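The following report goes through selected local features of one protein model. Please keep the sequence and the coordinates at hand while reading.

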Amino acid sequence: MENNEKYLRVNAIKNGTVLDHIPSEQIFRVIDILGIQDSTNPVTFGVNLDSKSMGKKGIIKLAERFFKDDELNKIALVAPMASVNIIKNFEVIEKKVLTIPETITGIVKCINPMCVTNHQEIETKFRTIVKENEIKLLCSYCEKTTDSKHLKIISNSH
Ligand SMILES: [Zn+2]
C-alpha cells in the first residue's frame, strides 16, 4: 500500500507539484482557483481514488508547475485537508501545509444577489471564519456569509 501510494504521487512527474487529498467533488473548483485550465504543461488528475483517510479522494499532478504559498493557500477554501508535494527529479523534496487565509479578495462570488459586488465592477472581499472544520466567508460589503458548499469561483483564467 505504501509503495502504491508513493507510485501514485510521483508517477509521470519529474518536476512539479502534486495536490493530494482533495475532496473529489471539489477538484474542479481547485482547478479553477489555481487557473490550471490555462496550463500548457501536462496536467493529470483523478477523482474517486481510494484513500485510507478520506474514503475517496481527488489528486492533481502538474508537471513543471510551482506555486507561491499564497496561491496554494487559496485552495484551502475548498480543500482544507489537501496535501501539497513538491517534486524534483521524481522525489518529494517538500511537503507544504495549507494555511487558511484570513481574508480572500477576488476568487469567490458573494452569495447575496443584492450585494454591490454582484452589480458593480468591485472585487469581492471576505473574511474567513472557520467553524467545526467548515470554512465560511463573511462578505466585507454586505456582511452575508457564503459557505463552502455554495462557493462560486470567479474563474482565474483571464
Ligand atoms: Zn456581499
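His-21 is found in strand 1, residues 16-22, strands being DSSP runs of E of at least two residues, numbered from the N terminus. His-21 has a positive phi of about 60° although it is not a glycine, and with a relative accessibility of 19% His-21 counts as buried, where buried means under 20% relative accessible area, exposed over 50% and partly exposed in between, for a 1.4 Å probe and protein chains only.

The model is predicted, so local features need pLDDT of at least 70 and side-chain atom pairs count only at pLDDT 80 or more, whereas totals for chains, interfaces and linings use all residues. Residues are numbered from 1 along each chain as its sequence is written, and side-chain values use heavy atoms, with hydrogens and water left out.

Glu-143, which is not a glycine, has a positive phi of about 65°. Glu-143 lies in the loop between strand 8 and strand 9 (145-147) and, at 62% relative accessibility, counts as exposed.

## The zinc site

The zinc ion has as its protein donors the SG atoms of Cys-110, Cys-115, Cys-139 and Cys-142, lying 2.3 Å from it; donors are N, O and S atoms within 2.8 Å of the metal (3.2 Å for Na, K and Ca), and water is not among the atoms, so sites may look incomplete. The 4 donor atoms subtend angles of 101 to 116° around the zinc ion, which makes the arrangement tetrahedral, a term that for four donors requires all angles to lie between 85 and 135 degrees.

Along the chain, the donors follow the spacing C-x4-C-x23-C-x2-C. Because Cys-110 lies in the loop between strand 6 (103-105) and strand 7 (125-131) and Cys-139 in strand 8 (residues 134-139), the pair ties together parts that are 29 residues apart in sequence. Cys-110 is buried at 5% relative accessibility, and Cys-139 is buried with a relative accessible area of 2%.

## Val-108

Val-108 also lies in the loop between strand 6 and strand 7, and Val-108 is buried, with a relative accessible area of 0%. The C-alpha atoms of Val-108 and Phe-126 are separated by 8.7 Å, the two residues being 18 residues apart along the chain.

Definitions and conventions. Four donors count as tetrahedral if all angles lie between 85 and 135 degrees; four count as square planar and six as octahedral if opposite donors are over 155 degrees apart and all others between 65 and 115; anything else is irregular. Helices (H or I, at least four residues) and strands (E, at least two) are DSSP runs, numbered from the N terminus.
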